Amino acid sequence: MKKYLDIIVNGFVKENPTFVLMLGMCPTLATTTSAINGLSMGLATMFVLICSNLVISFLKNLTPDKVHIPVYIAVIATFVTVLQLMLKAYLPEIDASLGLFIPLIVVNCVILGRAESFASKNGPLASIFDGIGIGLGFTFGLTLLGICREFLGSGSVFGVILFPESYGALMFILPPGAFITLGFLVAIVNKIRGV
Amino acid sequence: MQKLGNTLVNMTVVLTLVAIVTGVILAYVNNVTKEPIDEQKKETLASGIKSVMQDNNLQVVSTDTVKKTEQEDNKEYTYVIYSVNNAKGEPLGKAVESTTMGFGGALKVLIGFNTSGDIKGYTILETTETPGLGAKADQWFQAGNKGSIIDKNPGTDKLKVTKDGGSVDAITASTITSRAFLKAVNQAYAATQIDVAEEETGVAMASEVGEQSNN
Amino acid sequence: MQYLLIFIAAIFVNNVVLSQFLGICPFLGVSKKVSTASGMGVAVTFVLTIATIVTFVLQKYVLTPYELDYLQTLTFIIVIATLVQMIEIILKKMSPSLYNALGVFLPLITTNCCVLGVAILVIQIDYSLLESVVYAFSTGIGFALALIVFAAIREQLDMVDVPRGMRGMSVVLVTAGLLSLAFMGFSGLEGGLRSLFGLA
């Protein structure tokens, strides 16, 4: 059991995709205009990551090396489409607010990266835990960034108003604010990790 | 288990199998979710029409799709016009779907007009406007707010932002979105007018038979 | 005129990297030197334009008529991956010098989300084929521009004494934010050009 816990902690802390590995930057920056958007994007990615890690760890011996990338991409794209259809059918608000970035989960380098570096070398159970760990790390990164941007930009967190919107610095919701907020968050994380 | 080698046969078989399996899975999921997705769309539209017409007990009697080229920019726009009756069967007015280009992409609005063409309400159906700026359009023009357009008539009131010599306050720092929104409203109004004019002169419109709403 | 408008808007107003957040990974990863940045920029523009044409035709003549819209993501990504491989093989045979210049960047492009993003976007916006091609090409130019400008800034950044915690990615991200802020200055441009051309 300890081994699996370590895998989760590793994904969350040591190989945090947002602050340490710096992978999957497109959705990280684009969808974090509010805390709730960041959280839903993180969970959507985590779903695809866990499923694709699981299936790929089963398929690892059945795919010849030369065609492993197309097979992995097909598996990931399938889960992304499943997710897309499910969201459209049952949670249309989330589908509307994340828009283009749902199909773009396919090219999120976190997912293909984990398939290559973890799921293709480990068993199904370990791969699931790796998906959970990395997925949680990614969700945490996106939610934290979303909270900071929503708070600084519009004075609320998860829609709860903390100070009047007119005092917010709008720039943090706009594209430049995404880069700058993440830049400072990374600096803080670096400081904590003692790099 | 031994890893499969890189022979041509192995590669072809694996790729074909993967293609078939993924295709089948997706076809199945698509099949399962198709109905809820259509249902969602219908429900969103039905509740949208109710909210913009300010009436919970209404019937959609006909649905017309109007294509019209606007002289202003020589582009063809498509409007969907829902004619609505109240519970007693008296005409309430029309709800119109109208799309223009906003700041970052298409801005699709549903606007409710009563029989004399006054705006009863509106709702944003699709938007890619900037959060905190243009995305405020869903509240800004509602009754009681700064830029309210409710109960105004695009035929008689000049629905333009004050910068362009009109009477509507633009959303702070989002003139482009405000212009696009008002353009959508004005064009929707114009579309209902040709609809009326052609009905009066007896020209048959190319129209689908409207579905009866469940209410 | 409307093509010129798409061209200018895609490069400056809605810059693919700095305001739409597509293709951030190569933007941060391959922007250490101006020479590699320009190579990557050219390669992306090239692949982007061709991929958009192919996926557009596929959508209009296969997916839409047969109601296979739900296969969009899957087919587009496979088409893009295949296309990148084919371009690599063709370049190797036909023009070794071009291959030497662009070769190393090609495999990276498959997972560049701006290619898939643009392919899906032109379908969503409902552009015509010609408009799509112009949009894809100008998006590529916009990507190249952002990448080269950013690489030039980063070359200077190397000579600056940065606080310890901010070293590495942190200061790079803040710099990118400032560049993005500069590009926001173009946001009124599209409306201005529209009225200039009488398209408003």
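Analyst: Let us begin with one term: a salt bridge is a side-chain nitrogen of Lys or Arg within 4 Å of a carboxyl oxygen of Asp or Glu. Please keep in mind that this is a predicted model. Between chain B and chain A, the count of salt bridges is zero.

User: How many residue pairs are in polar contact across the interface of chain B and chain A?

Analyst: The rule finds one such pair, with both residues at pLDDT 80 or more. On the side of chain B that touches chain A, 13 residues are nonpolar, 10 are polar and two are charged.

User: How is the size of an interface expressed?

Analyst: The size of an interface is often given as the accessible area lost when the parts come together. Here chain B and chain A bury about 2,200 Å² between them, with 75% of it on carbon and sulfur atoms. The contact involves 25 residues of chain B and 25 residues of chain A.

User: What area do chain A and chain C bury between them?

Analyst: Chain A and chain C bury about 2,900 Å², and 84% of it lies on carbon and sulfur atoms. Within chain A, the residues that lose the most area to chain C are A:Leu100, A:Val107 and A:Phe179, together 22% of what that side buries. Chain A contributes 36 residues to this contact and chain C contributes 37 residues.

User: Which polar links and which elements belong to this contact?

Analyst: There are three residue pairs in polar contact between chain A and chain C (both at pLDDT 80 or more), while the count of salt bridges is zero. On the side of chain A, the elements giving two or more residues are α2, α4 (68-90), α6 (109-119) and α8 (175-193). The largest share, 11 residues, comes from α8(A). By class, that side has 30 nonpolar, six polar and no charged residues.

User: How does one look for empty space inside a model?

Analyst: Rolling a probe the size of a water molecule over the atoms shows where empty space is left. In this model the rule counts two cavities of 30 Å³ or more. The largest cavity holds about 90 Å³ of space. Of its 16 lining residues, A:Cys26, A:Pro27, A:Val107, A:Asn108 and C:Cys113 lie nearest its centre. Two elements give two or more residues to that lining: α2 (25-30) of chain A and α2 (24-29) of chain C.

User: Which residues line the second largest cavity?

Analyst: Its lining consists of A:Ile73, A:Ile76, A:Val106, A:Val107, A:Leu112, C:Ile77, C:Thr110 and C:Thr111. The volume of the second largest cavity is about 50 Å³.

Definitions and conventions
Residues numbered from 1 in each chain as written. Chains lettered and ligands numbered in written order. Predicted model: local features only at pLDDT ≥ 70, side-chain atom pairs only at ≥ 80, totals over all residues. Heavy atoms only, no water. Contact = heavy atoms within 4.5 Å. Buried area = accessible area lost by both parts, 1.4 Å probe. Polar contact = N/O pair within 3.5 Å; in protein donor to acceptor, adjacent residues only side chain to side chain. Nonpolar A, V, L, I, M, F, W, Y, C, P; charged D, E, K, R; others polar. 1 Å grid on protein atoms, 1.4 Å probe; cavity = no way out; pocket = protein on both sides within 12 Å on 5 of 7 lines; lining within 4 Å. Points joined across faces, edges and corners; volume = space filled by probe spheres on them. Helix = DSSP H or I, 4+ residues; strand = E, 2+ residues; numbered from the N terminus.
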